[in-house]
Amino acid sequence: MKIIHQDPKEGKIKVKVETLDDLWHLYHIIDEEDIVYAKTLRKQSQRSDSLRPEKVQAIPVFLGIKVEKINFHKFANALRITGPIIYTSREEVPLGKYHTIAIEENNTITIQKEKWKKHHIERLEEAVKASQRARVMIVVIDEGEADIAVVREYGVETIANIVHNLGGKRYNADRESEEKKFFHDLAKTIMEIMKRENVEKAIVAGPGFTKENFYKFVSENYPELAKKVVIEDTSVTGRTGIYEVIRRGTVDKVYHENRVAREIQLVEKVIKEIAKNGLVVYGLGEVEEAANYGAIETLLVLDELLKDELKEKIEEIMEFVRGTRGNIVIVSSEHEGGEKLKALGGIAALLRYKIK
């Protein structure tokens, strides 16, 4: 994301959307009652004469709408914002009518808030930094099958699944030939995704020797790709294997600034502390009490809580934790760590000291 202009007096910030991750960040920045300004298309009925039916034409217009609904459609690569029109650049577009602005990559929008809260500004700054970072890819491979996922800002997205029938083990010549076809297909797919998604490193993992065989093949046939590949062990394949790579800390080692890896590892730390009755609290009541004691070192908040009726209470706790120099991590609900935090009530805290 790129910040184009800021007007503190008006409470306006103009940004350019650069990636799918930016849309996810905006979903958590834009709230109901905010005003969003953007270029869009508005359908208008035009009657040529009384004998002919009305024609519906989409006209370009610059609108400001007061946000009532906001939906993130990650598979459609769009953020949809709906509300009444409060500003229009064309007289024929009436104020007060409802409109949906679809925000996509490379769009520019202006967000106006009555008051920009600290966590909104932090997320905006994080989105700007994230757009400058290369992504990490995880490839979990076993005999004749590979799952490819990209670690995004909001979670892990499976990009491709490649399957080749290698045949029985007794037909060695045919099997070797089929395996080479599988490796060629996989290597080409990895390179195409790396280029398209701005991926810097590919972690190739799996439970058997296939990953080592693939790395040897890539070193001989695609030496430039081999320089970007890191090998890791897992006990299983598929999506479970992908998350095993993240829990092992491999993503952090390969790319230390990755958000998802950090969130998952912090949630795992919370669970370990709970198991040993350690320096941790979870659930709104216990976390609020720990915040009042100034005992919170790291506060974990599920992003969904900042969109529901608990929002104001959660924001109060966050401000209190900031005031006592605690760290705050907003955890995405789109990955395994977020699911586990949700099961704990969506909020937990690692403590400096015991409060009971």
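Buried means under 20% relative accessible area, exposed means over 50%, and partly exposed lies in between. Keep those cut-offs in mind on this tour. The model you have open is a predicted one.

**Stop 1: Glu197 and Arg196**

Select Glu197 and Arg196. These two residues form a salt bridge. Their closest N and O atoms are 3.6 Å apart. Now look at how each residue sits. Glu197 has a relative accessible area of 12%, so Glu197 counts as buried. Arg196 has a relative accessible area of 47%, which makes Arg196 partly exposed.

**Stop 2: Glu244 and Arg248**

Move on to Glu244 and Arg248. Their side chains meet in a salt bridge, 3.2 Å from N to O. Is Glu244 buried or exposed? Glu244 is buried, at 11% relative accessibility. Arg248 is partly exposed, at 41%.

**Stop 3: a network**

Next, select Asp21, Arg135, Arg152, Glu157, Glu192, Arg196 and Glu197 together. Salt bridges with shared partners join these residues into one network. The pair from the opening stop, Glu197 and Arg196, belongs to this network.

**Stop 4: Asp233 and Lys211**

Now select Asp233 and Lys211. Here is another salt bridge, with the closest N and O atoms 2.9 Å apart. Which elements does this pair link? Asp233 lies in strand β13, residues 229-233. Lys211 lies in helix α4, residues 210-221. Check the surroundings of each partner. Lys211 is buried, with a relative accessible area of 1%. Asp233 is partly exposed, at 42% relative accessibility.

**Stop 5: Lys113**

Go to Lys113. Where is this residue placed? Lys113 is in the loop between β8 (108-112) and α2 (118-130). Lys113 counts as buried because its relative accessibility is 4%, under the 20% cut-off. Follow the side chain of Lys113 to its end. It reaches the backbone oxygen of Ile29 at 2.6 Å.

Show the neighbours of Lys113 as well. Leaving out residues up to four places away in sequence, Lys113 touches Glu10, Gly11, Ile29, Ile30, Asp31, Asp34 and His120.

**Last view: the whole structure**

Zoom out. How many salt bridges does a search of the whole structure find? The search finds 29. Among them are the pairs Glu197 with Arg196, Asp233 with Lys211, and Glu244 with Arg248.

Terms used
Residues numbered from 1 in each chain as written. Predicted model: local features only at pLDDT ≥ 70, side-chain atom pairs only at ≥ 80, totals over all residues. Heavy atoms only, no water. Salt bridge = Lys/Arg side-chain N within 4 Å of Asp/Glu carboxyl O. Buried < 20%, exposed > 50% of the residue type's maximum accessible area, 1.4 Å probe, protein only. Helix = DSSP H or I, 4+ residues; strand = E, 2+ residues; numbered from the N terminus. Polar contact = N/O pair within 3.5 Å; in protein donor to acceptor, adjacent residues only side chain to side chain. Contact = heavy atoms within 4.5 Å.
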